[in-house]
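Take a look at the model below. The walk-through starts with a single residue, then moves out to the whole chain and back in to selected parts.

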Amino acid sequence: MTGLPKPPALGATALPAGTYAGQVVLVTGGGTGLGKAMAVEFARLGASVAIASRREEHRASGVAAIEAVGGRGLGVEVDVREPEQVAAAFDLVESELGPIDVLINNAAGNFQVPAEELSINGWRAVTGIVLDGTFICSTELARRAKAAGRPASILNIGATYSWTGGPGTSPSAAAKAGVTNLTQSLAVEWAPFGIRVNCLAPGTFPHDDHPTALLALRNAGSIDPAERIPAGRVGELHELGWAATFMCSPYATYLSGHTLVLDGANWLRRGLRMPLFVPLHEQIAHPETL
């Protein structure tokens with residue numbers, strides 16, 4: 001068995017050259033990992049891309065990646081949990097690049113901890129970024145697009161544990177479930193105004209920008225992550241970028257309210273004989289046994 005084929009190489013484009021020429025894309029959390037990969041593919045197709053992040057080094061990294069493919073980038077400091085900062089960030093992007101056509105709600109926070117050991121501040125930190133931040137940024141864009149009579153596209157970054165739960169990452173799983181539901185609500189509300197809202201739920205796309213604890217968990221054990229996935233391989237970052245650029249493009253203008261799962265069929269895998277169950281607390285204490 002060979003599994004699913006590899007995608008075309010990095011640098012290929014899934015859409016015609018110039019698909020996003022003259023458009024402005026804002027990616028929250030766009031300076032690292034999945035956010036940066038998506039930002040690069042928008043830039044490769046001609047978009048001017050704003051990288052929103054609290055950290056200067058992340059903004060610089062995102063802008064450098066965009067410029068490396070010939071795009072125009074702008075770093076914007078913002079905490080997506082703060083409406084005033086979000087409004088100021090949108091003002092800055094509009095003044096430097098122009099009105100925002102596409103918003104990617106990618107900013108996230110996560111860490112592994114048993115629920116009963118999680119403080120309320122820890123809960124609020126994650127849900128505030130993931131769910132509140134998505135709502136704040138989306139409504140900011142919608143108000144501006146409606147006032148200007150401009151179409152717009154919003155892509156929220158979800159997760160498959162929106163449906164299955166996420167033991168050990170309960171605030172993130174709950175918030176992502178909220179994002180999935182919010183996507184559906186806003187798609188119906190805003191379609192009459194030409195604003196599309198979709199969600200993209202990535203599977204395993206390895207990168208080195210995960211928090212240290214999650215990297216340790218990912219790298220624990222002797223089993224290759226690809227062997228855990230029906231596709232026989234992990235995802236490559238640029239194919240996530242292709243999915244994002246298609247979903248927000250003029251070629252998908254009838255697509256709204258949809259969540260696309262991109263994970264090689266992994267989240268659907270079930271069997272009559274499931275692997276040995278290991279309680280969460282033991283997983284955290286001994287990740288090498290997984």
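Is alanine 265 buried or partly exposed? At 41% relative accessibility, alanine 265 counts as partly exposed, because the buried class ends under 20% and the exposed class begins over 50%. This is a predicted model, and that holds for every value that follows. Alanine 265 sits in the loop between β7 and α9, the latter covering residues 280–285. Its backbone stands out as well. Alanine 265 has a positive phi of about 70°, although it is not a glycine. Most residues other than glycine have a negative phi.

Now step back to the whole protein. The protein has nine helices and seven strands. How does its radius of gyration fit its length of 290 residues? A compact globule with 290 residues would have a radius of gyration near 19 Å, and the protein has 19 Å, so the two agree. Along the principal axes, the C-alpha atoms fill a box of roughly 55 × 45 × 35 Å. Of the 290 residues, 47% count as buried.

Among contacts with a separation of 6 or more, 76% join residues 24 or more positions apart. The accessible surface comes to about 14100 Å². Carbon and sulfur atoms contribute 57% of that surface. The protein carries 21 positive and 26 negative charges.

Next, go to helix α8, residues 237–247. How many of its eleven residues are buried? Nine are, so α8 is largely enclosed by the rest of the structure. The buried set includes His238, Glu239 and Trp242. Leu240, Ala243, Ala244 and Met247 belong to it too, as do Gly241 and Thr245. What covers these buried residues? The cover includes helix α1 (33–44) and the strands β5 (152–157), β6 (195–202) and β7 (259–262).

A disulfide is a covalent bond between the sulfur atoms of two cysteines. Cysteine 199 is buried, because its relative accessible area is 0%. Cysteine 248 counts as buried at 6% relative accessibility.

Threonine 134 lies in helix α4, residues 120–148. At 5% relative accessibility, threonine 134 counts as buried. Which residues touch threonine 134, once its neighbours within four places in sequence are set aside? They are Asn105, Ile129, Asn156, Val179 and Leu182.

Serine 185 lies in helix α6, residues 170–190. Its relative accessibility is 33%, so serine 185 counts as partly exposed. Valine 197 comes twelve residues away from serine 185 along the chain. The C-alpha atoms of serine 185 and valine 197 are separated by 9.0 Å.

How values were computed
Residues numbered from 1 in each chain as written. Predicted model: local features only at pLDDT ≥ 70, side-chain atom pairs only at ≥ 80, totals over all residues. Heavy atoms only, no water. Helix = DSSP H or I, 4+ residues; strand = E, 2+ residues; numbered from the N terminus. Rg over C-alpha atoms; globule rule 2.2 N^0.38 Å. Buried < 20%, exposed > 50% of the residue type's maximum accessible area, 1.4 Å probe, protein only. Contact = heavy atoms within 4.5 Å. Areas by Shrake-Rupley, 256 points an atom, 1.4 Å probe, with all protein chains shown as cover. Lys, Arg positive; Asp, Glu negative; His and termini not counted. Charge placed at Lys NZ, Arg CZ, Asp CG, Glu CD.
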